[in-house]
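Please look over the sequence and the structure shown here before reading on. The briefing that follows takes the topics in turn.

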Amino acid sequence: MKVKTVNPVQSKWIKTKLLLRNSFIKRFIPDTRKFNRKNLEQMIYSYGMVFVKPERGTYGNGVIRAERGERYGFTYQYEETIRNFDTFDAFCKSLAKRTGGRSYLIQKGIHLLKHNNRRFDIRVMVQLSPKGNWEATGIIGRLGHPRKIVTNYHSGGKPMAIEKLLSTHLSERQIVLLTKELNELGVRMAVQLQRTYSRINKIGVDVGLDRSLTPWIIEVNMNPDPYIFNQLKDKSVYKKVMRYRRFYLKK
C-alpha cells in the first residue's frame, strides 16, 4: 500500500512549527493547533472565534470561520453559507463532517480591520534578489468580498494599495512605519524558512491587523501570486517583482 506523504512546503503546520522556532517571529503567530474535538473546544471557549483551515490548500479554499455566541450557541461560515447550532456536540460533528477526515488546523481568530465595512489583510512579497539577498519587493492590501470570510483575489477579494485601506486607521507616518515593520518581518521569515528550504527564492506573507493594530501572521505562501501587484498604480513595484521572478525562472 502506498503511503501518502505531506509536501512540507505545502504544509501550513510544518511551516508554522518552523517559524515558531524564531523568538522574534513567534510573537506574531496566532495560537495554531491541529483540528480535533479537544482543541476546538478549548480554543472556541478561549477565543470566541477561530478559523478552521486545511493544512494544505491555496486561494483560501476550505477555510471556515467558527464562532461561539455571546450567550449560547455556535456558528460557522463556509464560503457564503452560515450554519447555527444549539450545542457544541452538534457544532463539532458538523465541522468534522465538513473537513471530511482531511488534515485541518485551528487558528485563533483575528478580528481584521475593515474598509467600507469589508475585512482586509496585507500581502508582503519577499524575494531573493539576483545578488542573493532577501528583499521585501512589494506590499499590497486585499479587500475581502463583502459576503465571504477570506480576502484572496481568487475568492472575490480586491487588491488595493495599503495606503488607501489604512487611511482611516493610521496617519501617513504610521503607515510608513508599519510598512517598514512588515517588510522587516517578511525578510526575517524568509531567512528562517530558508534554513530548512534552501532552494526557496520567494515567499508571500499574509498579515492581518486586529482592532488594536497588532499585526498577526495569518499564513505564509511559498508560491505567491506576483500578478496582483499589477493592480497597483505604481507599476515599478510590479516590474521589480517580475524582474526578480524572471531571474530565478531562468536559473
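## Strands, helices and cores

Five bridges join strand 3 (residues 64–68) to strand 4 (residues 74–78), and the two strands run antiparallel; strands, like helices, are DSSP runs numbered from the N terminus, with at least two residues (E) for a strand and at least four (H or I) for a helix, and two strands count as paired if DSSP finds at least two bridges between them. This is a predicted model, in which local features need pLDDT of at least 70 and side-chain atom pairs count only at pLDDT 80 or more, while totals for chains, interfaces and linings use all residues. Residues are numbered from 1 along each chain as its sequence is written, and side-chain values use heavy atoms, with hydrogens and water left out.

**The open sheet and its hairpins**

- An open sheet of six strands has the order 1-6-2-3-4-5, and its pairing is antiparallel.
- Strand 1 (32–34) and strand 5 (81–85) are the edge strands, each of which pairs on one side only.
- From one strand to the next, the twist averages 20°, where axes are lines fitted to C-alpha atoms (for helices over the stretch in contact) and angles run from 0 to 180 degrees between N-to-C directions.
- Strands of a sheet pair through backbone hydrogen bonds, either parallel or antiparallel.
- Strand 3 and strand 4 form a hairpin with five residues between them, and Gly-73 in the turn has a positive phi of about 90°.
- Strand 4 also pairs with strand 5 in the antiparallel sense over five bridges, and here Tyr-76 stands opposite Arg-83.
- Strand 4 is mostly covered, as four of its five residues are buried; buried means under 20% relative accessible area, exposed means over 50%, and partly exposed lies in between (1.4 Å probe, protein chains only).

**Two positive phi values**

- Most residues other than glycine have a negative phi, and most peptide bonds are trans.
- Glu-79 has a phi near 55°, a positive value in a residue other than glycine, and Glu-79 is found in the loop between strand 4 and strand 5, where it is partly exposed with a relative accessible area of 49%.
- Asn-116 likewise has a positive phi near 55°, and its place is in the loop between strand 7 (114–115) and strand 8, with a relative accessible area of 65% that makes Asn-116 exposed.

**Helices across the sheet**

- Helix 1 (residues 12–20) lies across strand 1, strand 2 (49–54) and strand 6 (104–108), running at about 135° to strand 1.
- Helix 3 (residues 37–47) lies across strand 1, strand 2, strand 3, strand 4 and strand 6, and it runs at about 20° to strand 6.

- The buried residues of helix 7 (residues 235–250) are Val-237, Tyr-238, Val-241, Met-242, Tyr-244 and Tyr-248.
- These residues cover an arc of only 160° around the axis, which puts them on the same side of helix 7; the arc is that of the directions from the helix axis to the C-beta atoms.
- On the other side of helix 7, Lys-239 and Lys-250 are exposed.
- The buried residues of helix 7 pack against strand 8 (118–128) and strand 9 (134–143), with contact meaning heavy atoms within 4.5 Å.

- Gln-127 is found in strand 8 and is buried, with a relative accessible area of 3%.
- Leaving aside neighbours within four places in sequence, the contacts of Gln-127 include Trp-134, Val-241 and Tyr-244.
- Met-125 lies in strand 8 and counts as buried at 2% relative accessibility.

**The nonpolar cores**

- The largest nonpolar core has 36 residues, and among those touching the most other members are Ile-122, Leu-166 and Ile-217; such a core is a set of buried Ala, Val, Leu, Ile, Met, Phe, Trp, Tyr and Cys residues joined through side-chain atoms within 4.5 Å.
- Helix 6 (172–194) is one of the elements that each supply at least two residues of this core, and the largest share, seven residues, comes from helix 6.
- A second, separate core of 18 residues includes Ile-64, Ala-66, Tyr-78 and Cys-92.
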